[in-house]
Amino acid sequence: MNDVTASTQKKPDAKRAADRIDLAPAPEAAIEGSGCHGGKDKMVEAAKKAGKSDILDQYAADYPAKENAQGPHDQPQSMCPAFGSLRVGLRMRRTATILSGSACCVYGLTFTSHFYGARRSVGYVPFSSETLVTGKLFEDIKEAVEQMADPEKYDTIVVTNLCVPTASGVPLRLLPDAINGVRIIGIDVPGFGIPTHAEAKDVLAGAMLKYAREEAEQGPVAAPKERADKPSVTLLGEMFPADPVGIGHMLEPLGLAAGPVVPTREWRELYTALDGAVVAAIHPFYTASVREFEAAGRKVVGSAPVGCDGTAAWLESIGQATGASADQIAAAQNAILPAIKGALGAMPINGRITVSGYEGSELLVARLLIESGADVPYVGTACPQTKWSDVDRAWLEAKGVRVNYRASLEEDIAAVEEFGPDLSIGTTPVVQHAKAKAIPALYFTNLISARPLMGPAGAGSLAQVVNAAMANKERFDRMTEFFEGVGEGHSTGIWEDTPTDRPKFKARYAAQNAAAAKAAEAIGS
Ligand code: SF4
């Protein structure tokens with residue numbers, strides 16, 4: 001019999017007292033944390049004490065936060081970063097994935113990965129306070145890896161420590177490098193060390209490149225399925241499948257071919273990637289991967305072949321990095337630039353557009369929009385500033401664009417308010433904000449990243465979706481007019497008595513929720 005029943009039996013006639021919410025300020029400890037984004041300092045401190053200092057220091061150097069500010073993940077605006085590395089692993093053939101973390105995190109990550117079409121199961125090693133504290137969790141992970149290491153099925157098993165096991169120092173580095181010939185890669189991907197899911201892709205890509213580089217240093221490795229008859233350009237950063245094909249055509253006059261795209265879809269492609277004549281950092285945030293390419297003696301070139309200016313400059317940089325002659329570079333430029341110019345001219349964009357996202361290609365998209373004729377006053381990216389996007393930043397700033405690295409949601413929304421664009425390209429909440437103001441908006445990840453950007457195909461394709469969205473303005477105005485007067489937020493709807501907002505109650509519950517979540521996280525439930 002529990003306490004509630006006992007008290008009911010003692011006082012059968014007692015009237016239920018109305019709930020009373022104490023509106024006194026919440027204790028500081030409760031306000032500090034907010035779900036999985038809260039208590040960062042304590043998690044970092046715990047992880048450092050548990051022996052993860054070197055990993056966290058490396059992450060701080062590779063994925064720096066903005067000066068005087070925390071990364072976007074600290075202001076519940078980014079999805080769990082581990083989704084980035086999880087997705088990279090799930091896309092790779094003959095690769096198994098095991099997560100070690102709180103059940104709620106694993107539920108969210110597997111749900112999202114299957115929502116985005118993963119066709120594979122995600123392994124999970126659950127834990128309790130006891131297995132976490134006594135070190136049994138590491139033994140359980142090791143046992144799971146040993147059971148899964150079947151060379152008939154897998155080339156590689158990737159084990160990922162999420163927040164709690166990282167903070168508790170679960171030592172994945174002590175896993176064997178290989179079992180039965182199956183490579184074992186253990187990575188820590190904590191939300192308190194890696195600001196965005198984009199950068200978490202680099203954590204796994206970099207770990208795989210390191211492993212592959214060390215294999216190649218020790219002796220012969222598997223040959224690629226298809227070997228290009230020319231030196232190749234490794235493409236760093238996920239892109240629309242047609243883009244590498246278009247880049248390949250652009251490179252022909254330079255005597256080069258498009259190499260693999262990193263993150264790769266197959267282990268042996270890593271060797272080809274490391275063997276490229278030069279690496280094109282199409283996405284500029286792959287710091288750990290760049291480190292591995294440089295350790296393999298490869299040059300790295302930033303920016304990408306977008307629009308006329310971008311393509312001309314990129315072909316020149318690639319040509320210079322690979323020792324092409326001035327004539328070859330000019331031939332490559334002359335072969336493609338007229339087609340890009342034609343595509344841009346045929347599909348002009350007229351209107352003001354703000355751009356924000358967390359994919360890493362935001363600056364490239366802005367360049368293409370501007371070359372198509374759009375007025376782009378603001379570009380926000382959740383990714384950090386690196387030298388691989390310097391060319392794009394300088395080009396945009398010369399056109400008067402405000403470029404905001406590590407942009408927060410508030411900053412992206414403020415830009416929509418400030419510039420009153422004809423179209424807002426952004427993350428879900430930015431798009432939601434714009435649409436509520438009857439401003440047409442496009443979700444960056446699903447609608448912009450999912451189409452070509454490079455060469456003539458990119459110019460035509462982007463203009464098509466952008467112009468179609470801007471043409472919807474009249475529909476937004478009609479909808480706004482139709483719903484005029486139905487209220488907003490807490491008073492949405494038609495009411496006889498309009499509900500009264502109770503912001504103090506919300507603040508109090510938010511603080512209590514945060515405290516409860518923090519307590520649960522601390523014991524790894
Ligand atoms: S792993 Fe960390 S960042 Fe990801 S959902 Fe869990 S607590 Fe949040």
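In the predicted model, helix α10, which spans residues 242–251, has as its buried residues D243, G246, I247, M250 and L251. Viewed down the axis of α10, these buried residues fall within an arc of 140°, so they line one face of the helix. The elements that cover the buried residues of α10 include the strands β6 (232–236) and β7 (257–262). Also among them are three helices, namely α13 (307–321), α14 (326–346) and α20 (455–470).

When contacts between residues at least 6 apart in sequence are considered, 72% of them join residues at least 24 apart.

Two of the strands that cover α10, β6 and β7, also take part in an open sheet of 4 strands. The strand order in this sheet is β7-β6-β8-β9, and the pairing is parallel. Strands β7 and β9 form the edges, each pairing on one side only. In general, the strands of a sheet pair through backbone hydrogen bonds, in either a parallel or an antiparallel sense. Between β8 (residues 278–281) and β9, the parallel pairing extends over 2 bridges. V279 has V300 as its bridge partner in β9.

Most residues other than glycine have a negative phi, and most peptide bonds are trans. The peptide bond from V262 to P263, however, is cis, with omega near 5°. P263 is located in the loop that connects the edge strand β7 with helix α11 (268–274).

Positive phi values are found at N180 and S303, neither of which is a glycine. For N180, phi is about 55°, and the residue lies in the loop between β4 (178–179) and β5 (182–188). For S303, phi is about 65°; this residue is placed in the loop between β9 (300–301) and α13. The surroundings of the two residues are described by their C-beta counts. N180 is exposed, because 11 other C-beta atoms lie within 10 Å and the cut-off for an exposed residue is 12 or fewer. S303 is buried, because 26 other C-beta atoms lie within 10 Å and the cut-off for a buried residue is 20 or more.

Methods. Residues are numbered from 1 along each chain as its sequence is written. This is a predicted model: local features need pLDDT of at least 70, side-chain atom pairs count only at pLDDT 80 or more; totals for chains, interfaces and linings use all residues. The arc is that of the directions from the helix axis to the C-beta atoms. Two residues are in contact if their C-beta atoms, placed from the backbone, lie within 7 Å. Two strands pair if DSSP finds at least two bridges between them.
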